[in-house]
Amino acid sequence: MFGLEALDLARIQFAFTVSFHILFPAITIGLASYLAVLEGLWLKTGNNVYRDLYHFWSKIFAVNFGMGVVSGLVMAYQFGTNWSRFSDFAGAVTGPLLTYEVLTAFFLEAGFLGVMLFGWNRVGRGLHFFSTAMVALGTLVSTFWILASNSWMHTPQGHEIVDGRVIPMDWLAVIFNPSFPYRLAHMATAAFVATAFFVGASAAWHLLRGRDNPAIRKMLSMAMWMALLVAPVQAVIGDFHGLNTLEHQPAKIAAIEGHWENEPGEPTPLILFGIPDMQAETTRYKIEIPALGSLILTHSLDKQVPAMKEFAPEDRPNSLIIFWSFRVMVGLGMLMIAAGLWSLWLRKRGTLHSCRPFLYFVMWMGPSGLIAILAGWFTTEIGRQPWVVYGLMRTADGVSNHSYAQLGITLVMFVVVYFALFGTGFGYMMRLVRKGPHTGEGDEQNPGGPGQKRTPARPLSASYESTVGDNVSHSKEN
C-alpha cells in the first residue's frame with residue numbers, strides 16, 4: 001500500500017508517537033520554569049497578580065504533564081517492540097541513559113509535584129516555592145538525559161563494539177558527545193520560546209475579547225519579554241548547531257541546503273526555495289543567492305559547503321523533506337524575532353495591550369513554537385538517515401522482524417487512540433485557557449498559605465466551575 005514496506009511503517013509509527021510526545025515535554029519545560037518565576041515574584045513583591053497567574057497556569061501544567069508521561073511511556077516501549085535489533089546493539093548506552101533520566105529527573109518531578117499542585121494550603125510558602133523550583137529543575141534534568149541519549153545516536157563516541165554490540169568505555173565521552181551541548185541548548189531554548197508564545201497567545205485571545213485586567217496584561221508582557229530576549233538567542237544557538245552539524249554530519253547539511261554539486265573554485269550559493277529531486281539529483285525551480293551558503297555555513301567566502309553528490313546515493317538523507325522542514329523552522333523563528341521587536345516598539349508607545357493587529361498576530365503565532373519544534377525534529381532525525389546510530393548502524397538493520405500487516409494494524413490503532421485520547425486532553429487544556437486566570441477580587445488580603453483559604457491548584461477543578469460572560473467565578477473555595 002502506497003509503496004511502503006514494513007520498515008517504513010515502523011519509522012512512521014515511531015515518528016507519529018514521538019511527534020505527539022515531544023509537544024508535551026516542550027510545554028512542560030517552559031511552564032515549569034514560568035511557574036517558578038511567578039511564585040518567586042509573588043513572594044518577593046507580594047503582588048497577587050503573580051499568585052493568580054500561578055494558580056491558573058499550574059492547572060494547565062498538570063494536564064500537560066500527565067499527557068506527556070502517558071505518551072512517553074508508549075514511545076519508550078517501542079524500542080523493545082519495533083526496534084529490538086537497535087536495542088540489542090546500542091542498549092548498553094541508551095538503556096542506562098534513560099534509566100538515569102528516570103532515577104534523577106522523573107523521581108525529582110514526581111516527588112515534588114504533589115506538593116506543588118496540592119500543597120498550597122498545607123505547607124509553608126518557602127517549602128512550596130522550593131517544590132515548584134524542584135519540579136522545574138526536574139524538567140531540565142530530564143531534557144539533559146534525553147538529549148544525551150539522542151545526541152549520542154547522532155555523534156557517537158566513548159564506546160567500543162564488542163561481538164556486534166556497543167560497549168560504553170567512557171561515560172563522560174558518551175554523555176558529552178560532540179553534538180550534545182548544542183542540541184541541549186537548542187531544545188531547552190525552543191521549549192522556553194514555544195511556551196512564551198503559548199502564554200502570549202492566550203493573553204492576546206482574552207484581550208481581543210475585551211477581557212482586560214492586570215493578570216492578562218502581565219501574561220502578555222512577560223511572554224513578549226521572553227520572546228524579545230530568547231528568540232534571537234535561539235538563532236545564535238542554531239548557527240552554532242549548524243556549524244557542528246556541518247563538521248559531524250555533512251550529508252545532512254547538504255540535504256538541508258538542497259545543494260548537489262560545487263563549481264570548482266566558487267563559493268556555495270544559498271538556495272532559498274526549490275524542490276529537491278532525489279532521483280534526478282537536482283533541485284528544481286530554485287531561487288538562490290550567490291556565495292551566501294558559504295558565508296552562513298563556513299563564515300567565509302572561499303570555502304565550499306559539501307554537496308549531495310559527494311556522498312553515495314545510499315548514504316543520502318531525503319533532501320525534499322528536510323529542505324522544507326528546515327525552512328519552516330527558520331521562517332517561524334524569524335517571525336518570532338519580529339514579534340519580539342514589534343512588542344518592544346509598542347511597549348515604548350504604550351499600546352502593547354491595545355494594538356489589535358499585534359494581538360491578532362500574537363494569537364495566530366500561539367502554536368508557532370510547537371510547529372517549529374516539530375519541524376526541527378524532522379530535520380534532525382530524518383537528516384540522520386539512513387543511520388539509526390550515525391556511522392555505526394543503519395536504520396534498516398535496527399528494526400524488529402515484524403510483518404507489514406502487524407505494523408499497519410498497530411499504526412492505525414495508534415492514530416485512532418492518540419487522536420481520541422490526546423485530542424480530549426488538548427480540548428480540556430484549551431478549555432482551561434479560555435477560562436482565564438481568576439483575578440482574586442475580594443480576597444486581596446488573603447494571600448494563601450497554611451491555614452488560609454485559597455482556591456487550590458486542582459487541574460480538574462475547572463469541571464466544576466462555571467463561566468459567566470467574561471468573568472470567571474469559582475463555585476467552591478477551600
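**View 1. A network of salt bridges links R183, E381 and R384.** A salt bridge is counted where a side-chain nitrogen of Lys or Arg lies within 4 Å of a carboxyl oxygen of Asp or Glu. The model is predicted, so local features need pLDDT of at least 70 and side-chain atom pairs count only at pLDDT 80 or more, while totals for chains, interfaces and linings use all residues. Residues are numbered from 1 along each chain as its sequence is written, and side-chain values use heavy atoms, with hydrogens and water left out. Across the whole structure, a search finds 10 salt bridges.

View 2. Strand β3 (residues 270–277) and strand β4 (residues 282–289) run antiparallel and are joined by 6 bridges, where two strands pair if DSSP finds at least two bridges between them; strands (E, at least two residues) and helices (H or I, at least four) are DSSP runs, numbered from the N terminus. F273 has I287 in β4 as its bridge partner. With 12% relative accessibility, R316 counts as buried (under 20%; exposed is over 50%, and partly exposed in between, using a 1.4 Å probe and protein chains only), whereas E281, at 27%, counts as partly exposed.

**View 3. Y100 and W171 form an aromatic pair.** Rings of Phe, Tyr and Trp (its six-membered ring) pair if their centres lie within 6.5 Å, and planes under 30 degrees apart count as stacked, over 60 as edge-to-face and the rest as tilted. A search of the whole structure finds 30 aromatic pairs. In this one the ring centres are 6.1 Å apart and the planes stand at 70°, so the pair is edge-to-face. Since Y100 lies in helix α3 (residues 84–118) and W171 in helix α5 (residues 171–175), the pair ties together parts that are 71 residues apart in sequence.

**View 4. Two arginines lie over aromatic rings.** A charge sits over a ring if NZ of Lys or CZ of Arg is within 6 Å of the ring centre and within 35 degrees of the ring normal. R327 lies over the face of F323, 3.6 Å from the ring centre, and the charged end of R394 sits over the ring of W387, 4.3 Å from its centre.
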